[in-house]
Amino acid sequence: MKRFLLAACFALLPALSLADTIVVTLEKDNALAIVDGDTLTLAKTVKIGRRPRDIHFSPDFKQIYVAVSDDDTIQVLDGGTYKVVGTLPSGEDPETFAIDPEGRRMYVSNEDDNQVTVIDLQTGKVVKAIPVGVEPEGIATSPDGKWVISTSETTNMAHWIDTRTLEIAHNTLVDPRPRAAAFTPDSQQLWVTSEIGSTLTIIDTGSKEIVKKIHFQIPGVTQALVQPVGVIIDSRRRYGYVALGPANRVAVIDAQKLEVVDYLLTGKRVWHLAFSTDGKRLYTTNGASHDVTVIDTEALKPVKSVPVGHYPWGVAVRP
Amino acid sequence: MNLSKLLPFLWIPVLLALPLTAEAATVHIAFLGKQPEDLRPAAANLEPVHADIGLRGAELGIEDDNTTGRFTGQKFKLLGATLHHGEDPRRAFYFLLKEGYRHIIVNLPASDIQQMADMEGAEAVILYNAGAYDDRLRGRDCRANVLHTLPSHAMRADALGQYLKKKRWEDWFLVPGKRRQDRLFARAIRRTAKRFGVKLVAEKPWTHDFDARRTAQALVATFTQGVEYDILLVADEAGLFGDYFPYRTWLPRPVAGSQGLIATAWHPAHEQWGAVQLQNRFRERAGRWMKPRDYAAWLAVRAIGEAATRTQSVDFAKIREFLLSDRLALAGFKGRPLSFRRWNGQLRQPILLTGPRAVVAVAPLEGFLHPVDELDTLGYDERESLCHLTRKRP
């Protein structure tokens, strides 16, 4: 009997994203919500700076970086204790930022100044401020470390910044209000969401040509509510996911055929996305319903919603 | 004929026309405004009269367009002109035409816009109306060479109507002022009432002399006595008396229209959909809040910029074609893509319903449906319009 129980326990194990911790920024609570990846419940809430938005772990998970917009800085937290250990000179009103794969540099969108600030993470100093289009918002680094992408919301472009020269090498015109960008894990494609255009633009990294434009249309949902924001592509490049804002759904896209496979219901005003460490789950932040939706990426079904606090914005996952 | 007398008139336009044609990939935009009337507001003098309304919006738009232009190799240049009292706008317009300007933004009354649109040579330009709410400019007196980035009175009235209908405040008490714009807004409110099937239980024009300011305040209670209604709608577009109505009515009822809950294209309290960024950029540059006419001028410049970027051309015909096509999806910080109505040149746009410090709702409200575009539930729809610049292809 005992042996049987033990076997049953082991049989259950692979289904669990063991020991993952999900960290969510709460824009209106000035806090981080820490969610236990085993129980999928809120473990605790940690107070930090004002209006926390984008959040990323360092590649070694020893640090957490959080853009605290109303304090005009990026706070550096200890990845285990969540204590603030430092700040970075992000420029005014930092909203989104990206870190290169080696954890050497950080790239910050400065929406009000129309520039991208480059910070050396070893020295904590600004290396360069790169002028980009009006209202830079989305920012992404390519997994191969060659490119940084900045999308400007009013200029409607994806700017390709060469990481060696820190100069813009190319600009791709996309649909109105590009909000977010992400590379495929093989760095071969760049996916850019357009909030007002209701589209996803897929660009070939080599040629910088647009490969495909996907228009999101959901039966029964007013087109104006379909506002694509967060985008993420799984490690095997099987599926990509796009958060559709007030349409309260995440679009699932076949990342090979580049077609919409399904629309999954989430909480209200879904904006940002993160995978569990094993990729079996997707977490979404739902700003207007104050929760996180957990999506099973095998079954492509939402399985749980976890209340976390007021206006969850960004999400990051640590093993 | 004495040639020397004629010469000055000949060479000025020629000289000025040169830079416009010589430069490659530059879009030249002109802005024409007028010194505002110096009217004393009803209540407190909270804000000075600004002479640069509209112009500041256009300037910000040029800055935005040029930031984009850095990456596309296009330049945008603005010539701003503000007319003093007594100056004939047609004369200024004539010189703009002579100098080769083909995109001309105007913050002027409807009569001026109409006269300009009919002038010789004006058929080869686009006038962008960022100044007049008059419905007739979008209806009976519409012109193919005028686009309207400012909403119409009818759009504002319909936005209010949608909200009041949703709240089931369906007995309206209308109080229009004496001025022309008051009467036109009141007319739009009457149309909305009919459209939504609500009752105008009373209409009483406010005719009091503004010199008797103190008594005017006291009069509101008795003025509104004896009428049973849900909401009082005041049409006082210049802000001369409407601010006396909230809290002074005989019955405890809310006030909307030109004061109280207002329907407007833009407002400082609007922060959603990234609007706070535009508010900040404008305030940093102009040192004051963005006004609806600043927003309309900014939209006009941005629409031109967007057309130049998307068509990769500064050619007038190409820009014009793009602006009137369904490819235009202008981001206006109001959560929906904006485009021009092909039948009358009006820019479709959401309307903010707002109090002095907080936005209450944004029209079109949920539930007000339209077969093509919900934004067309605001103002004269294609079938109601007396203007048919382009007939829909079958």
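These legends walk through several close-up views of a predicted model.

The model is predicted, so local features need pLDDT of at least 70 and side-chain atom pairs count only at pLDDT 80 or more, while totals for chains, interfaces and linings use all residues. Residues are numbered from 1 along each chain as its sequence is written, chains are lettered from A and ligands numbered from 1 in the order in which they are written, and side-chain values use heavy atoms, with hydrogens and water left out.

**View 1. Chain A meets chain B.** Welcome to the interface, where 25 residues from chain A and 22 residues from chain B take part in the contact (heavy atoms within 4.5 Å). About 2000 Å² is buried between chain A and chain B, and carbon and sulfur atoms give 55% of that area. Buried area is the accessible area (1.4 Å probe) that two parts lose on being put together, summed over both.

**View 2. Links across the interface.** Between chain A and chain B there is one salt bridge, a term for a side-chain nitrogen of Lys or Arg within 4 Å of a carboxyl oxygen of Asp or Glu. B:Arg281 forms this kind of link with A:Glu135, with the closest N and O atoms 2.1 Å apart. On the chain A side that touches chain B, strand E14 (157-162) and strand E15 (167-173) are the elements that give two or more residues. E15(A) has the largest share, three residues. Strands (E, at least two residues) and helices (H or I, at least four) are DSSP runs, numbered from the N terminus.

View 3. Searching the whole structure turns up one cavity of 30 Å³ or more, and the largest cavity has a volume of about 40 Å³. Here a cavity is a set of points, on a 1 Å grid over the protein atoms alone, where a 1.4 Å probe fits but cannot get out; lining residues have an atom within 4 Å of a point. A volume is the space filled by probe spheres set on the points, which are joined across faces, edges and corners. Look for A:Thr154 and A:Asn156, which are among the lining residues together with B:Arg302 and B:Glu306. Helix H9 (292-311) and strand E11 (330-331) of chain B each supply at least two residues of this lining.

**View 4. A salt bridge within chain A.** A:Arg53 pairs with A:Asp93 in a salt bridge, their closest N and O atoms being 3.3 Å apart. A:Arg53 lies in strand E4 (residues 52-57) and A:Asp93 in the loop between strand E7 (84-88) and strand E8 (97-99) of chain A, so the pair ties together parts that are 40 residues apart in sequence.

**View 5. Two backbone details.** A cis peptide bond joins B:Ala363 and B:Pro364, with omega about 5°. B:Pro364 sits in the segment after strand E14 (359-363) of chain B. In chain A, A:Tyr82 has a positive phi of about 65° although it is not a glycine. You can find A:Tyr82 in the loop between strand E6 (73-78) and E7 of chain A.

Conventions: On a 1 Å grid over the protein atoms alone, a cavity is a set of points where a 1.4 Å probe fits but cannot get out, and a pocket is an open set with protein on both sides within 12 Å along at least five of seven lines; lining residues have an atom within 4 Å of a point.
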